[in-house]
Each structure stands twice: as structure tokens, then as C-alpha cells.
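Could you have a look at this one with me? I have put my notes down as numbered points, to be read beside the model.

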Amino acid sequence: MNEPATPREAAPVTVARDIDTGRIIARGGDGLAHDPSLERTFFLREVHGTTWHRMSPTVLPEDQAAVAQLAVARLQAAGYRVEADAEYAIETTQDRYVTDGRSIANLAATIRDAAGPAEVSDRLEEVTAAHDGVLAALDQLLHSLAAVYDGLGGPADRHIAARMRYLAEHRLGPITADLLHTRAELADRSTAPARPGTSLPAAPAPTASGRTR
């Protein structure tokens, strides 16, 4: 699932240090470049006529080049062409630079391009798996946020914690149930033979009374 995206046909994203401000700035692309790739790499979004990003002032000067390189690598893994200052340029598009969100988008693409219901059902396993699927991870995230707010102690924090738990239990739960049903329904539509090395259990033999044994 964690595969670099197909290159985008758009203007390149430039990552360079601004001469006037001394800040490392990212501009350009197709609008989608103002993307998790940057905002998850210590860049802040700015919207002044156009959308662009600047590196957060929380990044220490000695770390700025490494952070800019990481941003470049993530943009390239997401399919963007990047033009960067020499000290920030990096050729890699390793899988580890693909964000979690991009991985889910790649999964969505494989579902959209699937050959038939059986393949879609198989792909949904990544979403509905009980302990490490996408929905289970989102449930954990919401409960973790609730635990954080439990410990903050502000006037509204208990309400926010309760809201996070409500979303997990009463909003995410029905989505999970629907997708589990969808996966099973798609699998039942398939007439494909069982996978190699698997066999279906034999049906129990009927008795004279019509009961099975």
C-alpha cells in the first residue's frame, strides 16, 4: 500500500530559502501540493492570494536543512516534481516518506481500479481488520485524544473528551458495521474459486429426520 504516487503533470514545487526573510519557503505545484507532505513536516500554510508554506520557526537552525530535505522527499513520494536549493535537494522517494494519508489514498485507488467484487472485498480487509485496520486505528486515535483531554483540566476539556468517545462509539461504529457488511456482500457476489491451499468445510450430512449431524 505504501507506494510512491504517479508523477503529477503540474508546475514543480519550489523549496528554497527566501532572500528577504531568510525563511525556507515552499511554493508552486497544482494546489494539491499544499498537502500533508508539507504540513506534516513542520511547514505552516499561508494564504495571501495564493497558498504557500513556510517552515515553522519551531525548527532549530541546525535542523532546518534536514527538515527541508524530508519535505522534498515526501513531496516526491507523493508524485510532485520538486525544484529545491542544492542543500535541500534529495533524489529519494522511499516508501517510508509516504504519509499515512497517502497510503490510504493509494488503497482507495486500488479499490477503484479493482477487477471485480472479490478483489474489492480483499482490499477492504485493510480497512476493516479488527485490530490493525484503518478503522480500528481511527478508533484508537479518537480514544487517545479523549485521554489527552481528560488530563488537561480546562473548563471545556471533559466535554471535548466525551465528544471524542461519542464519535468513536456512535459515529465510527456504524461506519465500521456498514463496511463489514459491504465486504461480506461483495465476497458473496464472487464466483471465484477458493484460494490455493484453502478448502471449504464439508456440509453436514442430513439424517432421516432432516436434521444435520
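1. Ground rules. This is a predicted model, where local features need pLDDT of at least 70, side-chain atom pairs count only at pLDDT 80 or more, and totals for chains, interfaces and linings use all residues. Residues are numbered from 1 along each chain as its sequence is written, and side-chain values use heavy atoms, with hydrogens and water left out.

2. Overall make-up. The chain has six helices and five strands, taken as DSSP runs numbered from the N terminus (helices are H or I, at least four residues; strands are E, at least two). Read from the N terminus, the order is β-β-α-β-β-α-β-α-α-α-α. Of the 213 residues, 30% are buried (under 20% relative accessible area; exposed is over 50%, partly exposed in between, with a 1.4 Å probe and protein chains only). Among contacts with a separation of 6 or more, 49% are between residues 24 or more positions apart; contact here means heavy atoms within 4.5 Å.

3. The α5/α6 pair. Helix α5 (residues 134-150) packs on helix α6 (residues 157-189) at about 170°, with the axes 8 Å apart. Axes are lines fitted to C-alpha atoms, for helices over the stretch in contact, and angles run from 0 to 180 degrees between N-to-C directions. The two helices are therefore roughly antiparallel (over 145 degrees; under 35 is roughly parallel, 65 to 115 roughly perpendicular, the rest oblique).

4. Who makes that contact? From α5 the residues include Leu 135, Leu 138, Leu 142 and Tyr 149, and from α6 they include Ile 160, Met 164, Leu 172 and Leu 179. By class, the α5 contact with α6 has 15 nonpolar, two polar and five charged residues. The classes are: Ala, Val, Leu, Ile, Met, Phe, Trp, Tyr, Cys and Pro nonpolar; Asp, Glu, Lys and Arg charged; the others, Gly among them, polar.

5. α6 by itself. Its 33 residues should span 48 Å at 1.5 Å a residue, and the end C-alpha atoms are 47 Å apart, which agrees; the expected span is 1.5 Å times one less than the number of residues. Do look at Leu 172, though: α6 has a kink of about 40° there, shortly before the proline Pro 174. The bend is the angle between axes fitted to the seven residues ending at a residue and the seven starting there. Leu 172 is also one of the buried residues of α6, which include Asp 157 and Leu 186. The cover over these buried residues includes α4 (117-128) and α5.

6. Ala 168, in α6. This residue is buried, with a relative accessible area of 5%. Beyond four places in sequence, Ala 168 touches Asp 139, Leu 142, His 143 and Gly 173.

7. Thr 128, in α4. Thr 128 is buried at 9% relative accessible area. Apart from neighbours within four places in sequence, Thr 128 is in contact with Leu 179, Leu 180 and Arg 183.

8. Ile 25, in strand β2 (residues 24-28). At 8% relative accessibility, Ile 25 counts as buried. The C-alpha atoms of Ile 25 and Arg 54 are separated by 4.5 Å, although the two are 29 residues apart along the chain.
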